[in-house]
Amino acid sequence: QAQVVESGGGLVQPGGSLRLSCVARNVFSIQVMGWYRQTPGKPRELVADINTGGYTNYADSVKGRFSVSRDDTRRSVYLQMNSLKPEDTAVYYCNVRGYTGATGAYEYWGQGTQVTVDS
């Protein structure tokens, strides 16, 4: 059974840094891995993602502060968050998308990890 598991959230002061990690278990032929975030009453929004070619895509609000990377040997994706701001406070979700001949297109989400930026 496919499983996507995040780790690394927590409480940090403004200006601080956090690194989120996500591992996809029993997931194959992954094409895109990324991070989304959501706050109460708002839709989930893309933070950053990265495809198999290493092409990255960032929300304007995090450009220059966040960096997404992946390790395909570990089926993992990471989000390095620097210069954190209170408005970065949200639940962060890992997203994995791909395609296999057996299942067709697929998309999996992690359970989410809370990031709180507060002094």
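A residue is termed buried at under 20% relative accessible area, exposed at over 50% and partly exposed in between, with a 1.4 Å probe and protein chains only. The structure is a predicted model, in which local features need pLDDT of at least 70 and side-chain atom pairs count only at pLDDT 80 or more, while totals for chains, interfaces and linings use all residues. Residues are numbered from 1 along each chain as its sequence is written, and side-chain values use heavy atoms, with hydrogens and water left out.

Strands are DSSP runs (E, at least two residues) numbered from the N terminus, and two strands pair if DSSP finds at least two bridges between them. An open sheet is formed by 4 strands in the order β1-β3-β8-β7, with antiparallel pairing. Its edge strands, β1 (3–7) and β7, each pair on one side only. From one strand to the next, the twist averages 15 degrees, where axes are lines fitted to C-alpha atoms and angles run from 0 to 180 degrees between N-to-C directions.

Within this sheet, β7 (residues 66–71) and β8 (residues 76–81) are joined in the antiparallel sense over 6 bridges. V68 has L79 of β8 as its bridge partner, and D71 stands opposite S76 in β8. The hairpin of these two strands has 4 residues between them, and R75 in this hairpin takes a positive phi near 50 degrees.

Most residues other than glycine have a negative phi. A positive phi of about 60 degrees is found at N26, which is not a glycine. N26 is in the loop between β3 and β4, and its relative accessibility of 49% makes it partly exposed. S83, also not a glycine, has a positive phi of about 50 degrees. The loop between β8 and β9 holds S83, which is partly exposed at a relative accessible area of 40%.

A nonpolar core is a set of buried Ala, Val, Leu, Ile, Met, Phe, Trp, Tyr and Cys residues joined through side-chain atoms within 4.5 Å. The largest such core has 29 residues, of which W35, L79, M81, Y92 and V96 touch the most other members. Two or more residues each come from β3 (18–25), β4 (30–38), β5 (45–51), β7, β8, β9 (90–100) and β11 (113–117). In soluble globular proteins, nonpolar side chains tend to be buried together. L11, in strand β2 (residues 10–12), is exposed, with a relative accessible area of 64%. Residues up to four places away in sequence aside, L11 touches T116 and D118, a contact being heavy atoms within 4.5 Å. L11 and V115 are 104 residues apart in sequence, yet 6.1 Å apart from C-alpha to C-alpha.

Rings of Phe, Tyr and Trp (its six-membered ring) pair if their centres lie within 6.5 Å; planes under 30 degrees apart count as stacked, over 60 as edge-to-face and the rest as tilted. There are 2 aromatic pairs in the structure. Y36 and W109 form an edge-to-face pair, with 5.0 Å from centre to centre and 70 degrees between the planes. Y36 lies in β4 and W109 in β10 (residues 104–109), so the pair ties together parts 73 residues apart in sequence. Y36 is buried at 16% relative accessibility, whereas W109 is partly exposed at 34%.

A charge sits over a ring if NZ of Lys or CZ of Arg is within 6 Å of the ring centre and within 35 degrees of the ring normal. R44 lies over the face of W109, at 4.6 Å from the ring centre, and over the face of Y93, at 3.6 Å.
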